[in-house]
Every structure is written in C-alpha cells, then in structure tokens.
Amino acid sequence: MKIISDPKKFTLVLFGILSFLFLVLYVWSFSFVWELGFGLFFYLIFLLIVLLIGLVISIVIDIKQSTKFKYYFIISIIQLLFIWLVSNPIREWQIENSKHNGVAIVEIVEAYKERNGSYPKSLTELENEANVDLPERTSIGTKYNYKLYENENFSIGFKSYYGYDYHYNKVEKEWYSAD
C-alpha cells in the first residue's frame, strides 16, 4: 500500500502508461457512439468532472493522511486533455485518408469494368481477378463496403465516427455522409 500511497517515479510512469491506454480506449470506443448529440463530447466532459472530483477528494486525503494520491488524478487529467486536444485532428486525418483510399478502390473497380464489361460482384472477386491488394479496412478501422446493384451500378462506403456512413458519389466524384 505504501507504493501506491507514496508513489515513486516508476510507479507513476507505470500508472501513466496504463492510464493513457485506458483513456485512449475510452475515447476510441465512444467515438462511434451516437447518443446525446455528438456522444464523445459528453462522455469526455463526464470523465473530466469525475477526475476533477477525484482530484479534490485526493487532495483532502493527502492533507489528512500525508499521502500523494493527487498525482494519479493530475496525470489522468493531463492525459485526457491531451487526448481531447489531438483527437479531432487525428479523426479528420483518418476520415480524409479513408476517403482517399476509397477513391483508389473506385478507380480499380472502374478499370475492372473497362476490361471485363461489368463490375465485380465483390471486392474479393476484384482482388482475385485484378490481382491487386485492396485496402480492406479504413484508417478508422472499419471495413469498406461494396455493393453491386441490379442496375449494374455499385457503391463504395464506410462507417465513420458518430454513426455516420460515408458513400462515394462516382458521378459527382465526391463523398457524402448520412446517418
């Protein structure tokens, strides 16, 4: 108990690593939730409030018991604020990179049609017959969806953050999102 109540650098570093992993997983898991408007914001605020209350309580305990629990909360608060600060630029990069890779798939599908006279039935068929490696997953980690319609048309899309689905409009050559 002494190691926890009076942490040395090693203990704080170990806690920092575990705390950072937990917070990243927390932010990641709620990035796909569509609740209360844009879900992640409210979950981050909730966690920040819980950590701030914990910090106040730990300061009171530290004063009465001569412990150093407040360092755990300070580390977690700083990490949460850092993750919050970088999460939106990373999210935007992931979406744009996923769109870019999706356009590359569209171009390969179109080239397949020019060679074979029809669109492939699936991305697996396209990979096998065109002998190319297609990205299976987006930069977000979701799968690219390919659908071939009866009217000999197709769509490429992927699931994104907050419940949005992105689909490529090959006529206008741009992505649109729907929820």
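This report looks at one helix pair and the nonpolar cores of a predicted model.

## Basis

Local features need pLDDT of at least 70 and side-chain atom pairs count only at pLDDT 80 or more, while totals for chains, interfaces and linings use all residues. Residues are numbered from 1 along each chain as its sequence is written, and side-chain values use heavy atoms, leaving out hydrogens and water.

## How H2 meets H4

Let's start with helix H2 (residues 9-30) and helix H4 (residues 70-116), which pack at an angle of about 40 degrees with axes 9 Å apart. Helices here are DSSP runs (H or I, at least four residues), and strands are runs of E of at least two. The axes are lines fitted to C-alpha atoms over the stretch in contact, with angles from 0 to 180 degrees between N-to-C directions.

On the H2 side, the contacts (heavy atoms within 4.5 Å) include Phe15, Phe20 and Trp28; among their H4 counterparts are Tyr72, Ile83 and Gln94.

## The nonpolar cores

A nonpolar core joins buried (under 20% relative accessible area, 1.4 Å probe, protein chains only) Ala, Val, Leu, Ile, Met, Phe, Trp, Tyr and Cys residues through side-chain atoms within 4.5 Å. The largest has 21 residues, and Ile105, Leu123 and Ile156 are among those touching the most other members. H4 gives the most to this core, with five residues.

Leaving aside neighbours within four places in sequence, Ile156 contacts residues including Gly102, Tyr168 and Trp175. A second, separate core of twelve residues includes Tyr43, Leu44, Leu55 and Leu80.

Definitions and conventions
Buried means under 20% relative accessible area, exposed over 50%, partly exposed in between (1.4 Å probe, protein chains only).
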